[in-house]
Amino acid sequence: MNPEIITPVSLDRNRLLAFDLETTGPDPRTAHVVTSALVAIDGPRKVELNWMADPGIDIPEGATAVHGITTAQARQHGRPHAEVVAETIAGVRAGWREGRTLVVFNAAYDLTILRRWDPSFEVLGPVLDPYVVDRAIDPYRRG
């Protein structure tokens, strides 16, 4: 048997794109986006993009307990869900075109949500998931 060959990827810590979603629930196959954030990091300079979406459904109390946004707030201040998803995906794609590494905690969850809402979304650049790194380094730590 041949061992799996892993090609190392160089990571420029001065060219990152941090990404995070807050949603209506824990299942990425059914969750709607409530907030989206992208932070482009160029050395000491940071450019932030933040959106609040009206998810088009009621936000469960459990989700509100996590991120603090109620259905009423999202309906009043949120933009249309489809627009927020499209602008988030455009920002992620632009980051990869610029040679950035996408940094997203629990990437499988957030990237699955993007793919759910836009089936054309693909991972086209490097992704660093601190959750995966943490589990690899200390698999027995609680939390």
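Which pattern of helices and strands does the chain follow when read along the sequence? Read in this way, the chain of this predicted model follows the pattern β-β-β-α-α-β-α-β-α-β-α.

**Figure 1. Overview of the chain in the predicted model.** The chain has five helices and six strands, and its C-alpha trace spans about 55 × 35 × 30 Å along the principal axes. Of the 143 residues in the chain, 38% are buried. Among the contacts in the chain with a separation of 6 or more, 60% are accounted for by residues 24 or more positions apart.

Figure 2. Strand β1 (residues 15-23) pairs with strand β2 (residues 33-42) in the antiparallel sense over nine bridges. Within this pairing, aspartate 20 stands opposite alanine 37 of β2, and leucine 16 has isoleucine 41 of β2 as its bridge partner. β2 also pairs with strand β3 (residues 45-54), again in the antiparallel sense, over eight bridges. Here isoleucine 41 stands opposite lysine 46 in β3, while threonine 35 has methionine 52 of β3 as its bridge partner. The hairpin of β2 and β3 has two residues between the strands, and glycine 43 in this hairpin takes a positive phi near 60°. Because 10 of the 10 residues of β2 are buried, this strand is largely enclosed by the rest of the structure.

Figure 3. Strands β3 and β4 run parallel and are joined by two bridges.

**Figure 4. Histidine 81 and its surroundings.** Histidine 81 lies in helix α3 (residues 81-97). With a relative accessible area of 10%, histidine 81 falls under the 20% limit and is therefore buried. A polar atom of the histidine 81 side chain lies 2.9 Å from the backbone nitrogen of valine 33.

**Figure 5. The two sides of helix α3.** At 1.5 Å a residue, the 17 residues of α3 should span 24 Å, and this agrees with the 24 Å between its end C-alpha atoms. The buried residues of α3 are His81, Val84, Val85, Thr88, Ile89, Gly91, Val92, Gly95 and Trp96. They cover an arc of only 160° around the axis, which puts them on the same side of α3. Ala82 and Arg97, on the other side of α3, are exposed. The helix is followed by glycine 99, whose phi is positive, near 85°.

**Figure 6. The buried residues of helix α4.** In α4, the residues Ala107, Tyr109, Asp110, Leu111, Ile113 and Leu114 are buried. The elements that cover these buried residues include β1, β2, α3, β5 and β6.

**Figure 7. Threonine 101 in strand β5.** Threonine 101 has its place in strand β5, and with a relative accessible area of 6%, under the 20% limit, this residue is therefore buried. Leaving aside neighbours within four places in sequence, threonine 101 is in contact with Leu11, Arg15, Leu16, Leu17, Pro126, Val127 and Leu128. Valine 66, by contrast, is 35 residues from threonine 101 in sequence and 27 Å away in space, C-alpha to C-alpha.

Key:
Residues numbered from 1 in each chain as written. Predicted model: local features only at pLDDT ≥ 70, side-chain atom pairs only at ≥ 80, totals over all residues. Heavy atoms only, no water. Helix = DSSP H or I, 4+ residues; strand = E, 2+ residues; numbered from the N terminus. Buried < 20%, exposed > 50% of the residue type's maximum accessible area, 1.4 Å probe, protein only. Polar contact = N/O pair within 3.5 Å; in protein donor to acceptor, adjacent residues only side chain to side chain. Pairing = 2+ DSSP bridges. Expected span 1.5 Å × (residues − 1). Arc of directions from axis to C-beta. Contact = heavy atoms within 4.5 Å.
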